[in-house]
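Open your viewer and get ready to click around. We'll go stop by stop, and at each one you'll hear what to select and what to look for.

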Amino acid sequence: MRIFCLLGNGRAGIDFFQTLFDKHPEVSQMPGIFFFDEFWEKTKNFNKKKIAEKFIDDYRRFFNSKNYVIERHNELGKKKNEYFIVSKKIFKEKFIKFCKKPQNQADVFLNLHLAYSAASGENIRKKKCIILNIHNFENLFKIRSLDFEIFLTLRNPISSLNSSTVHWLNYSRKNVNLWWLNYQINRLANLINNCKNLDKKIHVARLDLIHTKNVKIMKKVSKIMKIKYHSSMKKSTYHGKLWWGDKLSNKNLSGVNKNFEDRYDPKNFFDKDIRYLENSLHFYYTNYKFKRILKKNKLRSIYKFLPLKLELIVWKNLLLNFDFLQIILIPYYMFKRIKILKIKLKKTYYPKLIYND
């Protein structure tokens, strides 16, 4: 069975992309992020009964979505008052039946998914692919021995940084610090290169086109996965129930939006920030055809030594949280940001877009 892992840059619709496979009869997946690497590390010496029990305990939200509040799986359906329940008993019985080699990573991975699909009432004989929403490269790297391909969802880097910062500040200010901002910038700069170093097939899709060219994109995706295009791939659901986006979005997102636009708030960027970021992350514009906000011109070298507006916003947040240790580290993280954005990639390092308008 073929495995496809989902990754992306910040707020690039990784979870949204996953929901489009929810009711596809040939796809098996968990309803949300599954850090299989962490789970395997804890259970690799367990027998199959204990593996099943540990999965049920660690991923309660997959069996009763009332427990998945941050992703709003407790507010599914047209009236936002539905949730799903999957039988733990059936899952456990099926996993024990299917799993022949509990000490084999690939066997456990496959049978966790098949057992979950069976417990969800799906016909596992039709399954051809597994979708793994691994979300972070660090977690993907740890399971690189598995045979998989990668789907990357990308978003305009300015919109990605803006959306990540605004939404996380609105949701939980304590999580937004210098380490966090550095991680977001590094994710933008090095995700493609890191994935390329795994020597796996990489398929790239732009978030805006997944929305505005949904049918064309999903037909291309179906061809890559060697599955039939299914009408459910136009709907954003979990267990067939409409998903409205996570709590960070702070608004109701009713699935595919034909009028989707990649926006940003100009108040969060100086003009010199946009010039610096668009110049440093040029491959997003040359290889993936994102529209530049400012016309390309020569970058003044002093720009990189000046704080970004987003950095100033985070510094202010550190003061409000009395996070003096992080404040002391401001020069260190500015140096890291400068180093990260000194990107030198060869053209051969860029996987092509699945579809470009």
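Here's a short walk through a sheet and the helices around it.

Before we start: this is a predicted model, so local features need pLDDT of at least 70 and side-chain atom pairs count only at pLDDT 80 or more, while totals for chains, interfaces and linings use all residues. Residues are numbered from 1 along each chain as its sequence is written, and side-chain values use heavy atoms, with hydrogens and water left out.

**Stop 1: the sheet**

Helices (H or I, at least four residues) and strands (E, at least two) are DSSP runs, numbered from the N terminus. The open sheet has 5 strands in the order E2-E3-E1-E4-E5, with parallel pairing; two strands pair if DSSP finds at least two bridges between them. E2 (27-29) and E5 are the edge strands, each with a single partner strand, so one side of each has no neighbour in the sheet. From one strand to the next, the twist averages 25°.

**Stop 2: strand E5**

Now select residues 202-206, which are strand E5. Are they buried or exposed? 5 of the 5 are buried, so E5 is largely enclosed by the rest of the structure. Buried here means under 20% relative accessible area, exposed means over 50%, and partly exposed is in between (1.4 Å probe, protein chains only). Show the side chains: Ile202, Val204 and Arg206 point one way, and His203 and Ala205 the other way.

Ile150 has Ile202 as its bridge partner, and Leu154 has Arg206.

**Stop 3: helices on the sheet**

Select helix H5 (residues 105-119): it lies across E1 (2-8), E2 and E3 (129-135), running at about 100° to E2. Axes are lines fitted to C-alpha atoms, for helices over the stretch in contact, and angles run from 0 to 180 degrees between N-to-C directions.

Next, pick helix H8 (residues 178-196) and helix H15 (residues 330-340). Their axes come within 10 Å and cross at roughly 5°. H8 and H15 are therefore roughly parallel to each other (angles under 35 degrees count as roughly parallel, over 145 as roughly antiparallel, 65 to 115 as roughly perpendicular and the rest as oblique). Among the residues that meet there are Leu178 and Trp179 from H8 and Ile330 and Tyr333 from H15.

**Stop 4**

Move to helix H2 (residues 36-43), where Phe36, Asp37, Phe39, Trp40 and Thr43 are buried. They cover an arc of only 160° around the axis, which puts them on the same side of H2; the arc is that of the directions from the helix axis to the C-beta atoms. These buried residues pack against helix H3 (48-58), H5, E3 and helix H6 (137-141).

In H3, select Ile51, Ala52, Phe55 and Ile56, which are buried. Their arc is only 130°, which puts them on the same side of H3. The buried residues of H3 pack against H2, helix H4 (88-98) and H5.

**Stop 5: Gln18**

Finally, zoom in on Gln18 in helix H1 (residues 14-19). Gln18 is buried, with a relative accessible area of 0%. Which residues is Gln18 in contact with, leaving aside its neighbours within four places in sequence? They are Leu6, Gln29, Met30, Gly32, Ile131, Asn133 and Tyr238, where contact means heavy atoms within 4.5 Å.
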